[in-house]
Amino acid sequence: MAAGVLPAQEEVPTLAISPDSVVWRRSSDARLALTSGLPLVLQTAHPAISAAIDEHSRFRTDPWSRLEVTLDYTHLLIYGGPAAAAVTGRVLRRMHQPIRGVRPDGERYTALEPRVWAWVHASTLEAMVQGHEHFGDPWLPGELDELWAQWRAVGRLIGVRDRVLPPTYDGYRAYVDEQSERLEASPVLDDLIHLMARPPAPPGFPLGGAGWLAVGRVYGDAARLALGGLMDPALRARLGISWSPLDAARWSALRTAVRAAGRALPESTRVTGPSYLRRRRKAMARGPFAQAAAHLPG
C-alpha cells in the first residue's frame with residue numbers, strides 16, 4: 001500500500017466521528033432504510049465500478065452477505081471509535097487491492113484508483129442527503145457544510161485523498177453533477193435494479209419463502225419507488241430507469257407515509273449505529289472486520 005494514503009496514527013483521532021457530529025446523528029436514522037439503492041446505482045453506473053462488480057462481486061448470488069459487509073464497515077467507521085475506524089480503513093483497502101481488470105471498452109481498472117475510490121465514498125453520502133430531504137428531518141442551516149467536512153474526514157480513514165474531492169458542500173454538489181455525466185446504463189446495472197425490486201429472502205427469514213413473497217414484494221416496490229424518486233430525473237432517464245405518472249403519484253404517497261410513520265418512531269430510531277455494532281459484534285468477530293471489531297469499546 002502506498003505510503004501516505006492512509007492517515008498517520010496520530011491523525012486518526014482528529015478524523016474519527018464523534019457523538020456530537022452531524023454524521024453521527026444523521027447517518028443511521030431508521031427512516032433512511034429505503035435510500036440504500038441510490039448510492040448503489042450511482043456507483044454501479046460508473047464504468048470502472050460496473051466492470052469490477054461484474055467480475056469480482058457475488059451480488060447476484062449472495063446479495064445479503066454483500067450488504068452485511070457494507071453495513072459493517074460503514075458502521076465501524078462512523079460509530080466504532082478511532083481505533084476500530086483506523087483498522088477498518090486498512091482492512092477495507094486490503095480487501096479491494098486485488099480487484100482489477102479490463103473494462104468492456106478495453107480500459108483497465110483498479111478498485112483503488114483514486115478517482116474511482118473517491119466516487120464510491122462520496123456517492124454514499126447521497127443516501128443521507130436525499131433521504132433526510134424526503135423522509136427525515138429537514139437540514140438546518142450549516143448542517144450540510146458540516147456533513148461534507150466530516151464525510152471527507154471519514155474518507156481520509158479509508159484512503160480517499162483530499163485533493164480528489166472538493167473542499168465545500170457546494171463543490172460536492174457540482175462534483176456529483178459532473179460525475180453523473182459519466183454514468184451509463186449496463187447489463188450489470190439492470191441486474192442490480194432487478195435484484196433491488198425483487199430481492200431474494202434473507203438467510204433465516206422467520207416466515208419462510210412463502211412469507212417473503214409478500215414482504216419482499218412490498219419492500220421491493222417501495223425500494224424501486226424510492227430509487228426513482230430520489231434520483232435526478234435526467235440521470236434516471238439516461239440510465240433507462242422507468243418512471244411513469246403513476247410512479248410519481250405513488251412516490252408522493254410513500255414520502256407522506258414514511259414521514260408520518262417517522263413521527264411515531266421512538267427517539268432511539270434516529271441513531272441506530274451503536275446498537276447495530278452491539279448486535280453484530282460477534283458476527284463481525286468471525287468475518288473480514290474481526291481485527292476492527294476487536295477494538296470496539298466494551
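Student: Which residues does Leu239 touch, not counting those up to four places away in sequence?

Tutor: This is a predicted model. In it, Leu239 touches Val41, Ala45, Leu183, Glu184, Ala185, Leu189 and Met231.

Student: Which residues have the most contacts inside the largest nonpolar core?

Tutor: They are Val41, Leu147 and Leu239. That core has 83 residues. Its largest share comes from α7, with 8 residues.

Student: Leu147 brings us to α8. How many of the 15 residues of α8 are buried?

Tutor: The count is 12, so α8 is largely enclosed by the rest of the structure. Leu147 is one of them, and the buried set also includes Trp148, Trp151, Arg152 and Arg156.

Student: What covers the buried residues of α8?

Tutor: The cover includes α1 (12-15), α2 (22-26), α5 (63-79), α6 (82-96), α7 and α9.

Student: What span should α8 have, and how far apart are its end C-alpha atoms?

Tutor: Take 1.5 Å a residue: the 15 residues should span 21 Å. The end C-alpha atoms are 21 Å apart, which agrees. After α8 comes Gly159, with a positive phi near 90°.

Student: Now α9. How do I read its sides?

Tutor: Start with the general idea. An α-helix has 3.6 residues a turn, so residues three or four places apart point the same way. In α9, the buried residues are Tyr169, Tyr172, Tyr175, Val176, Gln179 and Ser180. They cover an arc of only 130° around the axis, which puts them on the same side of α9.

Student: Which exposed residues does the face turned away from the buried side of α9 carry?

Tutor: That face carries Asp170 and Asp177. The buried residues of α9, in turn, pack against α7, α8 and α12 (233-238).

Student: How do I describe an aromatic pair?

Tutor: A pair of aromatic rings is described by the distance of the centres and the angle of the planes. This structure holds 8 aromatic pairs. In one of them, the rings of Phe135 and Trp251 have centres 5.6 Å apart and planes at 70°, so the pair is edge-to-face.

Student: Where do Phe135 and Trp251 lie?

Tutor: Phe135 is in the loop between α7 (114-134) and α8 (143-157), while Trp251 is in helix α13 (residues 245-264). The pair therefore ties together parts that are 116 residues apart in sequence. Phe135 and Trp251 are buried.

Student: What kind of pair do Tyr169 and Tyr172 form?

Tutor: A tilted one, at 5.7 Å centre to centre with 40° between the planes. Both tyrosines lie in helix α9 (residues 169-180), 3 residues apart, about one turn of the helix. Tyr169 and Tyr172 are both buried.

Student: Which residues do ring pairs link into a cluster?

Tutor: Trp64, Phe205 and Trp212.

Student: Which residue lies over the face of Trp139?

Tutor: Arg26 does, at 4.2 Å from the ring centre.

Student: Last, is Asp247 buried or exposed?

Tutor: Asp247 is buried, with a relative accessible area of 8%. Asp247 lies in helix α13. Leaving aside neighbours within four places in sequence, Asp247 is in contact with Arg224, Leu225 and Ser242.

Note on methods
Residues are numbered from 1 along each chain as its sequence is written. This is a predicted model: local features need pLDDT of at least 70, side-chain atom pairs count only at pLDDT 80 or more; totals for chains, interfaces and linings use all residues. Side-chain values use heavy atoms; hydrogens and water are left out. Rings of Phe, Tyr and Trp (its six-membered ring) pair if their centres lie within 6.5 Å; planes under 30 degrees apart count as stacked, over 60 as edge-to-face and the rest as tilted. Helices (H or I, at least four residues) and strands (E, at least two) are DSSP runs, numbered from the N terminus. Buried means under 20% relative accessible area, exposed over 50%, partly exposed in between (1.4 Å probe, protein chains only). A charge sits over a ring if NZ of Lys or CZ of Arg is within 6 Å of the ring centre and within 35 degrees of the ring normal. The arc is that of the directions from the helix axis to the C-beta atoms. Contact means heavy atoms within 4.5 Å. A nonpolar core is a set of buried Ala, Val, Leu, Ile, Met, Phe, Trp, Tyr and Cys residues joined through side-chain atoms within 4.5 Å. The expected span of a helix is 1.5 Å times one less than its number of residues.
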